[in-house]
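Good morning, and thank you for coming.

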Amino acid sequence: MGEETTAFTHRYVALGDSFTEGVGDWDPRSPNGVRGWADRVAEQLILADPSWGYANLAIRGRKMRQILAEQVDAALALKPTLVTIYAGANDILRPSIDLDALLAEYDAGIARLRAGGAAVVLFTGFDSSKSAVFAKTRGRTAIYNELVREIADRHDAEIADYWRMREFQNWGYWDVDRMHMAAAGHTLMAARVLEVLKSAHSIEVPELEARPAATRLAQLRTDALWARDYLGPWVGRRLRGQSSGDTVTSKYPELTHPVWTRETTSP
């Protein structure tokens, strides 16, 4: 691993849960069958400068303490120069949560990443006010966001302010499960993250097709199918103490060039 790590002058390591793994941006050519915004950010960095290496340690379903325990040490071993991390979304959805205690642990994790020499990009949580199911978590997310902003200030980290990215209130950017961004959403997020990094890019955000307004009956039918196919299984896993990531491993555990760039660049 040491030789592979030092082969790259710049090293980007992405940490987190399904958001960073890329769930919703489905592609069978990619590891785990998903691509995602982090892969798209890495692609742009590598196309501009092939000395970038990329690792993605994110795994769907992971809660914050799991991310800190499983991914921070693994990231530091790769000697990252850039880390993106979003943790806590799956915690916020739980029935009860001590945000102050949880974010104190997050603060310690971010301190370790910064002490390792990496530039760090944190994310605020998404404003779920337009979601019929998840709107009740909006207050928790707002508190989480303020604590994240304090952490960013304390450790001189950057913020990708998901809460203020109002484009994502358009549900055309979301997958059919209404929990994860679709390919268009991941593409837009990649562009926004590259803007935070002040990095030029060639990403073209797709234009969304206008959706005809659904009748009330049609919407009720759509909502019922969604509840059966997505909400019910999601709730069931939580009641059984299971996670969608129980049998999933990280996409790129070692520094590499993702599949999208290997035809035009080499480490």
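The model before you is a predicted one. E4 and E5 run parallel, and three bridges join them. E4 is also joined to E3, again in parallel, by four bridges.

Is E4 enclosed or open to the outside? Four of its five residues are buried, so the rest of the structure largely encloses E4.

Let us now turn to the aromatic rings. Phe-123 belongs to one aromatic cluster, whose other members include Phe-19, Phe-126, Tyr-162 and Trp-171. Across the whole structure, a search finds 15 aromatic pairs. A pair of aromatic rings is described by two quantities, the distance of the centres and the angle of the planes.

Consider Phe-19 and Tyr-162, a tilted pair with 5.4 Å from centre to centre and 35° between the planes. Which parts of the chain does this pair tie together? Phe-19 lies in helix H2, residues 18-21, whereas Tyr-162 lies in the loop between strand E5 and helix H8; the pair therefore connects parts that are 143 residues apart in sequence. Phe-19 is buried, with a relative accessible area of 9%. Tyr-162 is buried as well, at 3%.

Tyr-162 has a further partner in Phe-126: the ring centres are 5.3 Å apart and the planes are at 45°, so this pair is tilted. Phe-126 sits in the loop between strand E4 and helix H7, and the two residues are 36 apart, so that distant parts of the chain are linked. Both Phe-126 and Tyr-162 are buried.

Finally, I come to the backbone. Most residues other than glycine have a negative phi. Asn-32 is found in the loop between H2 and helix H3, and is partly exposed, with a relative accessible area of 31%.

Lys-79 also has a positive phi, near 55°. Its place is in the loop between helix H4 and strand E3. Lys-79 is exposed, with a relative accessible area of 51%; the cut-off for exposed is over 50%.

Key: Residues are numbered from 1 along each chain as its sequence is written. This is a predicted model: local features need pLDDT of at least 70, side-chain atom pairs count only at pLDDT 80 or more; totals for chains, interfaces and linings use all residues. Side-chain values use heavy atoms; hydrogens and water are left out. Rings of Phe, Tyr and Trp (its six-membered ring) pair if their centres lie within 6.5 Å; planes under 30 degrees apart count as stacked, over 60 as edge-to-face and the rest as tilted. Buried means under 20% relative accessible area, exposed over 50%, partly exposed in between (1.4 Å probe, protein chains only). Two strands pair if DSSP finds at least two bridges between them.
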